[in-house]
Amino acid sequence: MSDAIAHMTLDNGLRVVAQRVEGASGVGVSVNYRVGFRTEEPMRSGFAHLFEHMMFQGSRNTAPGEHFAAVQACGGVVNGNTFPDSTDYYQVVPGEALKKVLLLEADRMGFLTISPELLATQRDVVKEEIRLQVTGKPYGGFPWTVLPGVMFERWENTHNGFGELADLDAATADDCVDFFRRYYAPGNAVLAVCGDCDPADALAEARAAFADVAARAVPAPPDLHEPLPTEERRGTCHDPLAPQPALAMGVRLPDARHDLRGYAAHMALSHLLTTGSNSRLRTALAPLGAKADSATGYFGPLNVVDPDTFVVVAHHPSGQADKTEETLKNHLVDVAGGAGRGAETARAVARTRTGLYRDFDSLAYRARFLARGALLFGRADIGAQLAQHVEDLTEDDVEAAAANVSSPAGRALLNLLPKETTS
């Protein structure tokens, strides 16, 4: 699946990984910082996402908006994403633009421009994004902004990562400066370079580009641990824009740091349940007028450290909530008992494998996965390890995953109701 990964840690603490990808055209570059929704503190919800926007507003040698313009001018793509435990910034560019991209990333890591005016502009952008993507559209943010509040107790695990508008309004430029100094230190980040490049040359380019970025103290990651509840939890939320009710079921995933095979089995279980028109839950729910989707984690495989969530979401007509829930639970018990053996499980494993390899064909995906693997799991090659576990999955593994999801221990159910209905 991959060539060897070269590793290096700079004097300022920045970890760098590089990998040649045979047959690739161009290079992928990703800088991942160990800060996200679950690093935030009370009264500062939404700050990680807000600060992601600030990172594109210029630095010592880069004018506001120039980062995007410089990458796009050479035919590249660029973006950033905020997740519960990390924030990533990535580019895919022709090989000859690698030095330019590394200098851009180093400039903002070391010398970001922060001002009240820039903050005000980006705060308005983020608030508009919330209105468009969460509060102003049907099922906006469902279930990931609300289901954690049913599943967990710790504020870090439960709060809405988009943030409360009052918290965003209260943020100051001084808060941004403090956030930058604490969490955007080079020792709190991993840089990954992959594609049509010589790994040794890429490491040398990174060393030169980041030489002027000074080391800073690195904060300890937040304590996210919570004991597994012994009983099922339930909650209800209302969505005045939703055309029909919905049900979300969340269950704790195995900790990928210690049980990567079990994690891979849940990925296959997700495909078995809901991928394709002939999948188990879609077939079972069709007579009710309901449709289900499932996922290993809210944000995709290995985007989040433990605790992470296996989630099933079903949209159903009014009056079918109980029947939909019963159908979900019964089929999970059936799969745990061996009902999916044979072609059904084989098809699910094949789809898992195909999807994973297809994702790794993308340099953007691969670069981000390399950086995130090193940052969150201490293994830049965890993607290759995950792929191998998928290859080795057995029917017993998938049945064990179904048994975990069918157990009431740690499971949470969230019913979404349109408007202010009660059923």
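Definition first: I take axes as lines fitted to C-alpha atoms, for helices over the stretch in contact, with angles running from 0 to 180 degrees between N-to-C directions. Helices (H or I, at least four residues) and strands (E, at least two) are DSSP runs, numbered from the N terminus.

Note on the source: this is a predicted model, where local features need pLDDT of at least 70, side-chain atom pairs count only at pLDDT 80 or more, and totals for chains, interfaces and linings use all residues. Residues are numbered from 1 along each chain as its sequence is written, and side-chain values use heavy atoms, with hydrogens and water left out.

**Helix pair**

I looked up helix 13 (residues 343-360) and helix 15 (residues 382-392), which pack at an angle of about 160° with axes 9 Å apart. That makes helix 13 roughly antiparallel to helix 15 (under 35 degrees is roughly parallel, over 145 roughly antiparallel, 65 to 115 roughly perpendicular, the rest oblique).

Which residues of helix 13 meet helix 15? I find Val349, Thr352, Arg353, Leu356, Tyr357 and Phe360; on the helix 15 side are Gly383, Leu386, Ala387, Val390 and Glu391. Contact here means heavy atoms within 4.5 Å.

**Cavities**

On a 1 Å grid over the protein atoms alone, a cavity is a set of points where a 1.4 Å probe fits but cannot get out; a pocket is an open set with protein on both sides within 12 Å along at least five of seven lines, and lining residues have an atom within 4 Å of a point. Grid points are joined across faces, edges and corners, and volume is the space filled by probe spheres set on the points.

I count four cavities of 30 Å³ or more.

**Pockets**

The largest pocket holds about 480 Å³ of space. Of its 24 lining residues, His49, Glu52, Asn81, Thr82 and Glu129 lie nearest the centre. I checked which element gives the most to this lining: strand 4, with four residues. The second largest pocket holds about 360 Å³.
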